[in-house]
Protein chains: 2
Amino acid sequence: MTATRNPTQAFLDEAAALLGPRGLTRDADLIAPWLTDWRGRFTGRACAMASPASTAELADLVRLCAAHGVPIVPQGGNSGMSGGATPDTSGHALLLSLRRMNAIREIDVESRRLTCEAGLVLQTLHEAAEAQGLRFPLTLGGKGSATVGGLVSTNAGGSQVLRHGSMRALVLGLEAVLADGSVFSMLTPLKKDNRGFDLKQLMIGSEGTLGIVTAATLRLVPAVAERVVIWAGVPSLQAARALLLHCEDAANAALEGFEVMPQACLDAVLAHLPGARAPLDGAHRWHVLIEVVADRATAATLRDRCEAMMADAFERDLLDDAAIAASESQAEAFWLLRESVAPAERARGPAVQHDISVPVERMPEFVDAAVPRIESAWPGTEAVAFGHLGDGNVHFHVIAPRVTDAAAWQERDGKAISRQVHDLVTAWGGSISAEHGIGQLKRDELARLGDPVALAMLRAVKHALDPAGLLNPGKLV
Amino acid sequence: MTATRNPTQAFLDEAAALLGPRGLTRDADLIAPWLTDWRGRFTGRACAMASPASTAELADLVRLCAAHGVPIVPQGGNSGMSGGATPDTSGHALLLSLRRMNAIREIDVESRRLTCEAGLVLQTLHEAAEAQGLRFPLTLGGKGSATVGGLVSTNAGGSQVLRHGSMRALVLGLEAVLADGSVFSMLTPLKKDNRGFDLKQLMIGSEGTLGIVTAATLRLVPAVAERVVIWAGVPSLQAARALLLHCEDAANAALEGFEVMPQACLDAVLAHLPGARAPLDGAHRWHVLIEVVADRATAATLRDRCEAMMADAFERDLLDDAAIAASESQAEAFWLLRESVAPAERARGPAVQHDISVPVERMPEFVDAAVPRIESAWPGTEAVAFGHLGDGNVHFHVIAPRVTDAAAWQERDGKAISRQVHDLVTAWGGSISAEHGIGQLKRDELARLGDPVALAMLRAVKHALDPAGLLNPGKLV
């Protein structure tokens with residue numbers, strides 16, 4: 001990493017002149033909320049916080065930073081899970097908020113797409129699409145804060161990836177400011193364009209280390225006209241996978257969600273959530289939440305098709321019990337159980353979380369092997385896996401034994417547990433970051449476990465596009 | 001570009017020892033067929049032709065080339081349209097055939113994917129998928145020659161992109177040999193993986209300039225259980241676009257093809273193809289071929305849905321006339337007309353072809369403006385546009401006036417016409433290469449018309465991953 005130094009007064013004066021009073025602040029109180037990450041794990045410092053109003057202003061600012069050697073830490077809603085938008089503690093970096101650049105530049109209803117600036121909040125994007133009878137098919141817990149720029153930069157996932165893909169699959173065009181202040185502009189969506197490799201792919205998932213995303217053209221899909229939500233109990237994760245294959249075969253592209261949790265997670269949710277009721281009678285080793293959707297063209301037959309799909313699954317002995325939500329409010333109640341798993345786990349006490357993926361077909365075997373391995377290596381812990389089985393992505397949480405000093409446990413045992421989980425995932429051909437990104441949280445683990453050839457490529461491209469290392473230093477590589 | 005020199009005897013001896021008699025030839029008769037591109041526009045020379053049997057052998061060979069400074073020109077089926085697999089005339093380069101590496105390493109029917117080596121021919125891939133009740137949803141004219149490695153390296157398109165995307169959307173995992181002989185190995189398909197930007201995207205569409213694709217894991221989809229093929233006549237390309245929107249709305253994801261051609265193209269096909277019959281009575285300014293498909297889950301209602309879709313289109317006055325193919329043989333006859341447009345145009349005489357795209361919604365306006373512009377600037381020419389309206393991609397052919405010296409016309413007027421077409425496309429926010437790639441055919445045009453920021457990025461990444469410039473020199477950038 002390049003050594004940085006305190007920005008000069010000359011730089012700060014020029015930046016202030018460039019951005020105006022709304023565009024630059026050095027007020028510690030205003031900056032403070034943005035210096036600690038969402039999970040409260042990292043706190044940094046910054047010489048100032050810039051909030052440019054336009055791509056042109058930002059391009060000028062980046063040129064100024066390049067001339068003065070000032071590192072830039074881009075930030076959207078500050079809702080990342082890996083500390084990717086938090087500066088280091090040197091205080092040398094400029095914190096760059098994209099939140100002022102939140103305009104929707106265009107909605108093309110016919111072509112089903114929307115062009116917006118990086119600071120647009122996901123929730124607002126959802127509402128803008130809905131107002132046109134369309135839908136932006138990506139959602140996640142932090143939707144009230146997460147911005148389009150952050151979602152693109154981290155290739156965000158969520159619970160609709162099974163059908164619609166991660167953010168990468170939804171980005172049709174992109175605009176970004178590069179390390180030298182030049183503007184990469186490919187917002188015009190061309191369905192076919194083979195002028196070399198697809199440069200916008202470099203910006204997606206690079207966590208602001210190769211350029212600063214300023215705007216995107218996003219794919220919209222028809223609104224959901226009808227949905228069927230199903231809760232099923234199965235005897236094993238292997239059985240859940242068999243049920244997944246059955247549903248993929250029967251519902252194909254209409255299958256939008258396939259989430260799993262063990263009985264222990266459901267128990268924790270029922271204890272945590274006032275008034276919550278178990279969807280099925282009796283206990284099941286694993287629970288599955290299935291969502292099948294239809295747009296206007298196929299809505300009429302959806303419920304019948306889902307009932308046939310489940311009847312068929314019963315006949316083939318693919319599940320122990322199932323309930324199809326009888327109403328939209330019951331469907332929402334089913335989803336609330338799923339969405340409450342993480343809060344319920346947090347309420348149980350300190351834990352280390354892992355956002356991991358393995359090939360879908362290996363997930364049952366992986367979980368069945370990893371849970372006892374971790375629990376026996378770390379007596380008193382409880383390991384639970386839940387989440388997006390359809391994507392081969394589970395959240396693997398290891399709950400601490402009753403300890404007196406949670407922070408000390410996290411620092412010592414927690415880190416060692418994480419290394420062991422990551423070793424296991426790597427041995428199974430998986431990823432130590434399925435959807436949350438690397439940021440600063442997993443940077444050392446990526447360096448330790450990443451394929452050396454892939455790491456060399458990441459570093460070579462980083463050096464080629466940001467030779468001075470000023471874009472989000474200390475993140476990713 | 002780095003200056004190259006004739007490979008030394010020492011290099012050739014070492015390569016021969018490494019690859020064995022089947023793996024290296026200097027026999028001019030054996031090499032000759034592979035030194036001229038598919039369209040016969042470029043002929044190069046090579047010091048030898050290497051045909052390694054495995055990724056490990058290829059990695060050793062690339063290390064040897066790197067040590068001796070020998071350029072490498074990778075080649076699959078030699079069916080590219082832009083001269084991207086043809087060496088230059090220096091004779092310094094090693095021609096690298098991937099055709100011996102054609103194994104299917106694995107088919108996973110449950111997970112609907114296939115892992116194969118770069119030399120596998122597309123037709124063979126189709127057959128392997130079909131044998132398992134699945135389908136690889138990308139096809140194109142050269143399917144009997146085109147290989148997976150070439151399809152990946154050029155991000156190939158074809159007539160099913162509307163629904164399934166280009167090759168990029170079908171590549172789940174990739175293996176490639178890099179310029180230093182290291183092996184990039186990401187064949188294991190993870191649906192979610194956010195360990196930095198997606199490195200395999202760099203190999204897709206980079207035409208062998210960043211690495212040599214040796215294997216890929218590809219997405220398969222359920223076999224088509226039922227298809228409905230429709231021929232429609234419409235008064236304008238704008239009307240065709242309105243019909244496209246109607247079909248996208250009514251059929252949504254089931255819409256797999258939407259191809260257009262003017263009456264002149266259909267006339268040329270009917271004159272060229274013995275026994276061919278026009279699908280509709282009377283002439284129409286534009287003709288549309290529509291394909292809607294269904295898998296097992298939705299096959300039963302497909303025909304009814306298509307009939308309703310077309311009845312609705314009639315009522316809304318979206319077309320003049322239409323015929324729904326009554327049988328599979330009639331469906332095939334409709335498609336044969338479409339597939340015969342290019343051969344029929346070739347039979348009419350010399351022409352310059354352009355593979356271009358603009359945003360779908362601008363295509364009617366573009367064609368209506370560009371055709372008279374070109375025809376009036378070049379008296380005696382006839383400009384026709386046909387192809388994948390659903391992708392915003394047409395083949396824009398300009399047929400020569402009756403000339404005595406076709407080659408001279410191509411060289412003088414043809415090149416000037418191409419520059420004018422490319423200027424127009426660029427002014428309309430489009431791409432001078434929608435699906436055929438840049439190769440050596442359009443390299444100068446890309447340098448002339450490409451966005452300087454994008455070109456600088458392409459070059460920076462190229463230099464970072466292939467600093468000596470030995471991978472497919474003279475192509476793309």
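This is a predicted model: local features need pLDDT of at least 70, side-chain atom pairs count only at pLDDT 80 or more; totals for chains, interfaces and linings use all residues.
Modeller: Residues are numbered from 1 along each chain as its sequence is written, chains are lettered from A and ligands numbered from 1 in the order in which they are written, and side-chain values use heavy atoms, without hydrogens and water.

Biologist: Thanks! How do you know that A:Cys306 is too far from the closest cysteine sulfur for a bond?

Modeller: A disulfide is a pair of cysteine sulfur atoms within 2.5 Å. The closest sulfur to that of A:Cys306 belongs to A:Cys247 and is 8.4 Å away, so a bond is ruled out. Searching the whole structure gives zero disulfides over all chains.

Biologist: And why is A:Cys247 called buried?

Modeller: Buried means under 20% relative accessible area, exposed over 50%, and partly exposed in between, using a 1.4 Å probe and protein chains only. A:Cys247 has 0% relative accessibility, so it counts as buried. A:Cys306, at 2%, is therefore buried as well.

Biologist: What makes helix 9 and helix 11 of chain A meet, residue by residue?

Modeller: Contact means heavy atoms within 4.5 Å. On the helix 9 side, A:Leu243, A:His246, A:Cys247, A:Ala250 and A:Ala251 take part, and they meet A:Met309, A:Asp312 and A:Ala313 of helix 11. Helices here are DSSP runs of H or I with at least four residues, strands are E runs of at least two, and both are numbered from the N terminus.

Biologist: Which residues have the most contacts inside the largest nonpolar core?

Modeller: They are A:Leu202 and B:Leu202, in a core of 87 residues. A nonpolar core is a set of buried Ala, Val, Leu, Ile, Met, Phe, Trp, Tyr and Cys residues joined through side-chain atoms within 4.5 Å. Leaving out residues up to four places away in sequence, A:Leu202 touches residues of both chains, including A:Leu210, B:Phe197 and B:Leu202.
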